[in-house]
Amino acid sequence: MTLAIDGGTPRYAGGWPTWPPPATEAQRRLLDEVVGSGKWGSTHGPVNDRLAAAFAEYCDVRAAVPVANGTMTLVVALLALGVQPGDEVIIPSYTFVACATATALIGAVPVLVDVDPTTAHLTAETAAAGLSERTRAIMAVHLAGSPCDLNPILALAAERGIPVIEDAAQAHGAEYEGRRVGGIGTCGSFSFQSSKAMTAGEGGMLTSSDQALADVMWSYANVGRDRGGAWYGHPRLGLNLRLTELQAALLLPWLDDIDGQIEQRHRFVTALDAALAGSGAQRLAEPAGTTRNSHHLAMIDLDPGRIGVDKAWVMQALAAEGVPSGEGYPGLHAMPAVQSVARCLPCPATEALNRSVLWLFQSMLMADGSVATRTGEIIRAVLADPRARA
Ligand SMILES: *Cc1c(COP(=O)(O)O)cnc(C)c1O
């Protein structure tokens, strides 16, 4: 059968779910309540406090602190942990730029290290390669919904006496060895930006089981105030990084739906794995210790044997068939703007992943299993074309 890129009929015309899903009754009701109350800011309204308590419970941590977005959560975490200008922070190269931006913003030096070639995640080995006497923190990014193999990373950090920030912006609800991410390291950082598993358009949350640290994080996100302290007493210089009550009203009811949504994506990915078997493509492996993948993305390696693939052509051919995909991260170590502030190690695994891995987005994974099977068949058909291996 002719491929759609050559003028054939597209193999899938069913369309894809939108993200975010349509607002629920519970969201509309709470939003309406907040709008009617006139308490739109979290300094005067109660919904942020309810959201923080519910999110902390969901992550099984002592405390959660709402913050404007998942970039500033990282800034606040670094400030609260006492990371100083000139200090170094270990960051995997295969991640979103915010990890490096947040570090550079406080004058610290992002140290870009490579990732595991089969999982695309930071490992203790790749992190260790970036250590120096100036290392003051490790950012463990839970990529695409599956946690880093944290125990070896935590052991490495403990040897050095440095904190581990879990960047869980892509991993709400994911579990490592049966524990929810966000409270396994020193603190966790979440995003509620439009593409994430819970969203209010924008937003973020910090989590920690260290109450004293959470109090300092709260302070840095609340203009340097102490919680319960004087309104114009500012023991430290913080920023106004609060969420609004309107955002919290969209987020709080989401916690009732998120587990069902993760299960939905799990069903899609399970069917996709089955359909890809023997096709030459496969989903990237999950790091050891993953007991629950929240499936923010399906990262598909088109060329696990590294025999060569023309990813750009494959993506075009898939799009023509009705399957859009993303090209993924080019690697922070390769971005001139990041290079200008960072110390970059060689990242050959990141570069290989960039050549052969494409992403299917979370919204697509919300489609049902039959669509997953179809998607796998389409990937197989496209990869069977000789041009895919050029
Ligand atoms: C989305 C994301 C961020 C940044 O979050 P924003 O809310 O968009 O600022 C940080 N780290 C990772 C890994 C992300 O995916």
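**Sheets and packing helices in the predicted model**

Strand 4 (residues 135-141) and strand 5 (residues 164-167) run parallel and are joined by four bridges. Within this pair, A140 has E166 of strand 5 as its bridge partner. The description given here rests on a predicted model.

Both strands belong to an open sheet of eight strands, whose order is 1-9-8-5-4-2-3-13 and whose pairing is mixed. The edges of this sheet are formed by strand 1 (63-67) and strand 13 (343-344); each has a single partner strand, so one side of each is left without a neighbour in the sheet. In general, the strands of a sheet pair through backbone hydrogen bonds, in either a parallel or an antiparallel manner.

Helix 2 (residues 47-59) lies across strand 1, strand 8 (187-191) and strand 9 (204-208), and its direction makes about 130° with that of strand 1. Helix 7 (residues 211-221) likewise lies across strand 1, strand 8 and strand 9, but runs at about 15° to strand 1.

A further open sheet consists of three strands in the order 10-12-14, with antiparallel pairing. Strand 12 (residues 297-301) and strand 14 run antiparallel and are connected by five bridges. In this pairing, A298 is located opposite L360 of strand 14. Helix 12 (residues 348-356) packs on this sheet, where it touches strand 12 and strand 14, and its direction makes about 65° with that of strand 14.

Taken over the whole protein chain, the secondary structure amounts to 14 helices and 14 strands. The radius of gyration of the chain is 21 Å, close to the 21 Å that the globule rule gives for 390 residues, so the chain is as compact as a globular protein of that length. The C-alpha trace spans about 70 × 55 × 35 Å along its principal axes.

Of the 390 residues in the protein chain, 56% are buried. Among contacts with a separation of 6 or more, 71% are accounted for by residues 24 or more positions apart.

Conventions. Residues numbered from 1 in each chain as written. Predicted model: local features only at pLDDT ≥ 70, side-chain atom pairs only at ≥ 80, totals over all residues. Heavy atoms only, no water. Pairing = 2+ DSSP bridges. Helix = DSSP H or I, 4+ residues; strand = E, 2+ residues; numbered from the N terminus. Contact = heavy atoms within 4.5 Å. Axes fitted to C-alpha atoms, helices over the stretch in contact; angles between N-to-C directions. Rg over C-alpha atoms; globule rule 2.2 N^0.38 Å. Buried < 20%, exposed > 50% of the residue type's maximum accessible area, 1.4 Å probe, protein only.
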